[in-house]
Protein chains: 2
Amino acid sequence: MRCFVCKKPTDLKIIRPICKDCFIKLYERKVERLIKKFELIKKGERILVAVSGGKDSLSCAHVLNKLKHLLGFTMECLYIDVGILTCTNERTERVIKKFCEDRKLKLNVVRVKDLLGKKLEKLSKERRRPICSICGVVKRYIMNKFARENGFDKLATGHCADDMVRFFFKNWLGKKFDWIAKLKPIIPSEHPKIVTRIRPLFECTEEENLAYITINNIMIAPCSRCSYFLRRDKWNEILKLIDDKKPDFKINFVKSLEEVELKIKEESKLKECKKCGEPTSEEICAFCKLKK
Amino acid sequence: MRCFVCKKPTDLKIIRPICKDCFIKLYERKVERLIKKFELIKKGERILVAVSGGKDSLSCAHVLNKLKHLLGFTMECLYIDVGILTCTNERTERVIKKFCEDRKLKLNVVRVKDLLGKKLEKLSKERRRPICSICGVVKRYIMNKFARENGFDKLATGHCADDMVRFFFKNWLGKKFDWIAKLKPIIPSEHPKIVTRIRPLFECTEEENLAYITINNIMIAPCSRCSYFLRRDKWNEILKLIDDKKPDFKINFVKSLEEVELKIKEESKLKECKKCGEPTSEEICAFCKLKK
């Protein structure tokens, strides 16, 4: 095979044959263009990048770190230790610490146990709710609160095209059109206490992130539990089948997501939680309800 | 297998095992509910049903004919002879004539050759445009003009859930959000010369239509060309794969289509074609451009 850009021989194929050098260039240029097109980051801003140790979030942190001088922003990382042994453990933390040390990036660590007072596994059993759903609530809460309290302008996550397509189908079938309206590269703040979220890898696929990590020799700490749940997910299987038939489906799908505008019902004005003061659509926020 | 409704033994399975009697009842009740929910047809209206001789349009005509007394409307059929031998021929016409005679329905026939002055095959070669695209333009033009000039209140077509899902994906990837906004059970007229279109089979799948036709012993005239193109269509293959994994996908997908509201750009006000007076967004309508 020969690289479709420079014609050099290559073993790598991502939709089309491409050599490692050209892949890295194109990947980084794609992220840079997205950042500029949707004004994800402005000059002088402080960005908090949420890292879990997986391929997507470390790709996000790595590419932003490479673009920060060019685009004139500063960044720090946030690692949330959710305290589920099968998800985050000492190995995860070592991987992330090494990643940040190598790049001289400040790493902030928040431990769920300290905040919640108990382990997520215990909560999950008590509430009879799947642990992944509790983990989601807790992570979103902590990311936003930490970013705001520490004066960051934006919160960046490693959500990629595959995530967006999966979220689209689940929310479409669940008629959650308000959530679909938020499947965008940037979700502007709708409340003074909410930090604007950005998704620099909106147009990158999981396959590209994995290649980016591999070519850059970045060590990752795969979260066995999330991967396990993802593998069992039917939408993941369906997306693989679509990929076989239409390899550019996901990319084209998210490019349409960028442009579509959904009419959403008048949103229930966000209030502040009576217990913790964080923004919520109800009297007590989802996080404090968990703590009760 | 036993029917999930009445528990009688059955060989039929459409997602779930169901006997023929219960299937017919549920199918007709589903169409009736859709008509009422979205006010597709009001009492006293005159409905023109477009029939091609295929399973979908004949299902549509058959079920509407069964519901017309209950819902208090009258109906006639329209058959457009597109003059493509592999699509419509004497056999197609015989099948449709027999269908209408058996039900004492008035059948209107419009021949494209008489209107266009030449055969679609010839036009397709001259314009280097696929014949299916020309056929679509011509049929939409004739259906609307005929319905309006003959005083019908609504134009009914046999478009079903499978069509809606396929159209959705094609238009989504093509960023034709204005077209997606029209993937609804009813498309109200936006111009005095446009007749409101209705899709009574919006929530029915092709599989259900085929079962409905088969159980009712209705003779159909399969259009070999359309079937051929449909089989080659990748979206058709993909939908079959999704069906295997999530048998209720199409139904749930169109139920969301019914509810979603897309913001569409200010539509270019419809004008009247300078040649024929039919509504168009340009100076000369697509039909008259074909004739040039």
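Chain B places 25 residues in contact with 25 residues of chain A, contact being taken as heavy atoms within 4.5 Å. This is a predicted model, in which local features need pLDDT of at least 70 and side-chain atom pairs count only at pLDDT 80 or more, while totals for chains, interfaces and linings use all residues. Residues are numbered from 1 along each chain as its sequence is written, chains are lettered from A and ligands numbered from 1 in the order in which they are written, and side-chain values use heavy atoms, with hydrogens and water left out.

**Interface area and composition**

- The area buried between chain B and chain A is about 2800 Å², and carbon and sulfur atoms give 73% of that area; buried area here is the accessible area (1.4 Å probe) that two parts lose on being put together, summed over both.
- Of the area that chain B buries against chain A, 23% is supplied by B:Trp172, B:Lys245 and B:Lys263, which is more than any other three residues supply.

**Polar and charged pairs across the interface**

- Between chain B and chain A the count is six salt bridges, each defined as a side-chain nitrogen of Lys or Arg within 4 Å of a carboxyl oxygen of Asp or Glu.
- One of the salt bridges joins A:Glu261 to B:Lys263, with the closest N and O atoms 3.8 Å apart.
- On the side of chain B that touches chain A, helix H7 (161-173), helix H11 (234-245) and helix H12 (249-259) of chain B each supply at least two residues, helices being DSSP runs (H or I, at least four residues) numbered from the N terminus.
- That side of chain B has 14 nonpolar, two polar and nine charged residues, where Ala, Val, Leu, Ile, Met, Phe, Trp, Tyr, Cys and Pro count as nonpolar, Asp, Glu, Lys and Arg as charged, and the others, Gly among them, as polar.

**Cysteines**

- The structure holds zero disulfides over all chains, a disulfide being a pair of cysteine sulfur atoms within 2.5 Å.
- A:Cys60 is in no disulfide, and the nearest cysteine sulfur, that of A:Cys77, lies 8.9 Å away; A:Cys60 counts as buried at 1% relative accessibility, since buried means under 20% relative accessible area, exposed over 50% and partly exposed in between (1.4 Å probe, protein chains only).
- A:Cys77 is likewise in no disulfide, although the sulfur of A:Cys100, the nearest cysteine sulfur, is 3.9 Å away, and A:Cys77 is buried with a relative accessible area of 0%.

**B:Asp243**

- B:Asp243 is found in helix H11 of chain B and counts as partly exposed at 21% relative accessibility.
- The C-alpha atoms of B:Asp243 and B:Ile15 are separated by 9.5 Å, the two residues being 228 residues apart along the chain.
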